[in-house]
Amino acid sequence: MNNRVKVQYELQRRRNRKRISLRVTDDATVLVVAPLRTPLTVIEEVVSKHSPWITAKLTQVKQLPPSLPPLTYTTGDRLLVLEEECTLQIEHGGVYATTCIRQGSTLIVKTRKGSGVQAIRKALLGWYIDFGKQLYHQLVTQWMSQIEEAPNLELASIEIAFYPKRWGSCSQKGELRFALRSLMLPYPIVNYLALHEVAHLYYFNHGQEFKCFLDTYMSDWKERQKTMNRLRRQAVAF
Ligand SMILES: [Zn+2]
């Protein structure tokens, strides 16, 4: 008797695959990637064997906070700023260039007469970029003043980047970049990300020394990192 749970999954066959791999996506799809010629019975067996893991993953994914609807750049759109939900408000028909300001939990875009969605998007992005640059600048400077050792890389610049997947980066020239969507995450996570990239000015990889460094300055960084990855659906795409 086989008492394993039957799992529904999507199968993709790939020419250059040597092994079967399983993944549970953020929208709770079980994705199985297999080599071209692996028999279905073998795939079924692998899926069945991993059904407890799949069930656990599915439960985890279903508990993720729901993502916000895609932006339409019209009044009523919802966005996050450091986890706080803000509503977009468009005020049409001004005489000056299109701008965006924040008032409490409202992001107000005042458009110039005749300007369209692209101008609204640009103004909104501009607001996030300015906000992000200022915030990360403050956090990075704060961390660097706390750390007594001299970094291996001199801090060159802090930029906000349109990373679709990664949260941040540090270049060999000491340029720190933070994903725009990271600005939608809770403040403790953003602060962890700032420390993480600062740590790369001292250690360029994710080796043991890098981890010890993080332990020294933020004892719960692993928790924050896990939360950061769990919240990846939270950020809306521009
Ligand atoms: Zn890193």
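This is a predicted model: local features need pLDDT of at least 70, side-chain atom pairs count only at pLDDT 80 or more; totals for chains, interfaces and linings use all residues.
Reader: How do you know on which side of α6 the buried residues W221, R224 and M228 lie?
Author: W221, R224 and M228 are the buried residues here, and the directions from the helix axis to their C-beta atoms cover an arc of only 60 degrees, so they are on the same side of α6. The buried residues of α6 pack against α4 and α5, where a contact requires C-beta atoms within 7 Å.

Reader: Why is T41 called exposed?
Author: T41, which belongs to helix α1 (residues 40-49), has 8 C-beta neighbours inside 10 Å, and therefore counts as exposed. Helices here are DSSP runs of H or I with at least four residues, and strands are runs of E with at least two, numbered from the N terminus.

Reader: What makes a set of residues a nonpolar core, and which residues have the most contacts inside the largest one?
Author: The set must consist of buried Ala, Val, Leu, Ile, Met, Phe, Trp, Tyr and Cys residues joined through C-beta atoms within 7 Å. The largest such core has 27 residues, and L193, A194 and M228 have the most contacts inside it. Helix α4 gives the most to this core, with eight residues. Leaving aside residues up to four places away in sequence, L193 touches W167, G168, F178, S182 and M228. A second, separate core of nine residues includes C100, L107, V109 and L124.

Reader: How do you know that β4 pairs with β5, and how many bridges join them?
Author: Two strands pair if DSSP finds at least two bridges between them, and β4 is joined to β5 (residues 84-94) by four, with the strands running antiparallel. One of the bridge partners in β5 is E85, which belongs to L80. Both strands belong to an open sheet of four, in the order β4-β5-β7-β6, with mixed pairing. What makes β4 (78-81) and β6 (99-103) edge strands is that each pairs on one side only.

Technical notes. Residues are numbered from 1 along each chain as its sequence is written. A residue is buried if 20 or more other C-beta atoms lie within 10 Å of its own, exposed if 12 or fewer, and partly exposed in between; C-beta atoms are placed from the backbone. Two residues are in contact if their C-beta atoms, placed from the backbone, lie within 7 Å.
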